[in-house]
Every structure is written in structure tokens, then in C-alpha cells.
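Please take a moment to look over the sequence and the model before reading on. The paragraphs that follow go through it step by step.

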Amino acid sequence: MPTPVGHSLAGYFVFSAIKKPERNFKWTELVAAVIIANLPDADFIPGMLAGNPNKFHHGITHSIGFAVIVGLLAGIVYFSIRKKHFFFYSAFFFLCYSSHLLLDYLGADTRAPFGEQLFWPISQIYVMSPVSVFSDVHKASDSSIFLQSLFNWHNFRTILIECAILIPMIGLLNFMKNKLKKSTTA
Ligand SMILES: [Zn+2]
């Protein structure tokens with residue numbers, strides 16, 4: 001599983017991909033994209049309260065079914081504030097949430113159950129990519145030492161790999177969008 005740094009970069013990628021050049025930059029949309037791209041890992045919280053942060057990790061919160069639910073709920077919240085573009089924002093939040101599922105699918109997982117319950121509620125099975133693009137996160141299974149266990153050289157290396165892959169992708173995306181914008185306005 002990638003780190004919050006990787007998931008935040010993926011949220012920023014979705015934000016950059018969706019954003020139309022003629023629209024003003026909206027910090028609220030970027031912040032929402034980053035929060036929702038990290039939201040599936042909120043499944044650590046009930047586990048932490050139960051004494052083992054990994055107890056519920058990579059379960060139903062890491063599924064396409066949950067991504068649909070979160071996308072619709074966040075779309076409703078945004079629509080209640082802005083009074084427009086319900087379907088656009090629901091799709092936007094769905095994609096932000098799904099970016100997390102994709103990164104975790106492509107990430108190494110060295111702890112059973114391996115992978116994530118991607119196809120819940122249709123299937124309960126855990127799936128993961130046969131080839132790992134991202135590294136895993138070393139962490140303790142005991143709530144009392146969980147947070148301090150995250151700070152180690154292995155996890156720092158995991159962050160560097162995520163930055164090396166995702167930052168050039170964001171740069172390339174923005175470069176291509178700018179080029180497209182210039183060619184259409186020329
Ligand atoms: Zn995750």
C-alpha cells in the first residue's frame with residue numbers, strides 16, 4: 001500500500017485532469033480531492049480503537065461499491081452548497097476515491113489478507129496486481145506504537161518511489177493540457 005503522500009499526489013492528478021482551463025483554481029476542490037483520495041485508509045481508525053490498526057484495513061472501504069457511495073454522498077454535500085453540477089462533482093469525487101483503490105491495487109502488500117476487497121458488494125475476495133509498481137508501508141500491529149512505527153527508512157523510500165512516479169505524471173498531464181489549450185486558442 002502506498003503512503004498518504006502517494007495518495008495525495010493521485011488526488012492532485014485527478015484534480016488536474018478534471019479541471020477545465022477556463023475555470024478558476026479552487027482550493028476547496030483541491031483540498032476535497034486530497035482528503036477523499038486518502039479517505040479509504042480511515043479504516044485504520046476502528047482498528048486502532050480495537051487495539052490492532054490493521055484489523056479492518058483493505059476491507060470494504062477499499063472497494064468500487066464504497067467509491068460509488070462516497071462519490072454520491074460527497075456530490076450531494078457539494079450540490080447542497082453550490083446548487084449545481086451534481087453529476088460532475090459526484091464523478092469527480094468517485095474518481096478521487098478510486099485513485100486510492102488503483103494505487104493500493106498496484107502496491108506491494110506483505111501482510112495477509114493480501115490485496116483489497118475491490119469488488120465488494122459483488123464479491124468478498126481480496127485482489128492485488130501480480131506486479132507491484134509501488135512499495136509497501138512498514139507499520140506495527142499494536143495501536144500503542146502504530147504512529148511511531150510509521151517513521152522508518154523503508155517508508156521514506158516508499159515515499160520517494162511514489163514521488164518519482166507520480167510527480168512526472170502530473171507534470172506531463174499539465175504540460176499536455178497547456179499545449180492543447182494553446183493549440184485550441186491559436
Ligand atoms: Zn488504502
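**Loops, then helices**

The place of histidine 85 is in the loop between α4 and α5, where helices are DSSP runs of H or I with at least four residues, and are numbered from the N terminus. This is a predicted model, in which local features need pLDDT of at least 70 and side-chain atom pairs count only at pLDDT 80 or more, while totals for chains, interfaces and linings use all residues. Residues are numbered from 1 along each chain as its sequence is written.

Phi of histidine 85 is near 55°, a positive value in a residue other than glycine. Histidine 58, in the loop between α3 (44-49) and α4 (64-82), likewise is not a glycine and has a positive phi, of about 70°. Is histidine 58 buried or exposed? Histidine 58 has 23 other C-beta atoms within 10 Å and is therefore buried, since a residue is buried if 20 or more other C-beta atoms lie within 10 Å of its own, exposed if 12 or fewer, and partly exposed in between, with C-beta atoms placed from the backbone. Histidine 85, with 13 C-beta neighbours inside 10 Å, counts as partly exposed.

The loop between α5 and α6 (146-149) holds proline 113, and proline 121 lies in the loop between α5 and α6 as well. A cis peptide bond joins proline 113 to alanine 112, with omega about -5°, and a cis peptide bond also joins tryptophan 120 and proline 121, with omega about 5°.

Now turn to the packing of helices. Two packed helices are described by the angle between their axes and the distance between the axes. The axes of α2 (residues 27-38) and α5 (residues 86-106) come within 7 Å and cross at roughly 40°, the axes being lines fitted to C-alpha atoms over the stretch in contact, with angles running from 0 to 180 degrees between N-to-C directions. That makes α2 oblique to α5, because angles under 35 degrees count as roughly parallel, over 145 as roughly antiparallel, 65 to 115 as roughly perpendicular and the rest as oblique. On the α2 side the contact is made by Ala33, Ile36, Ala37 and Asn38, and on the α5 side by Phe93, Cys96, Tyr97, Ser99 and His100, where contact requires C-beta atoms, placed from the backbone, to lie within 7 Å.

Thr158, Glu162 and Leu166 are buried in α7, and what covers the buried residues of α7 includes α1 (4-18).

Key: Helices (H or I, at least four residues) and strands (E, at least two) are DSSP runs, numbered from the N terminus. Two residues are in contact if their C-beta atoms, placed from the backbone, lie within 7 Å.
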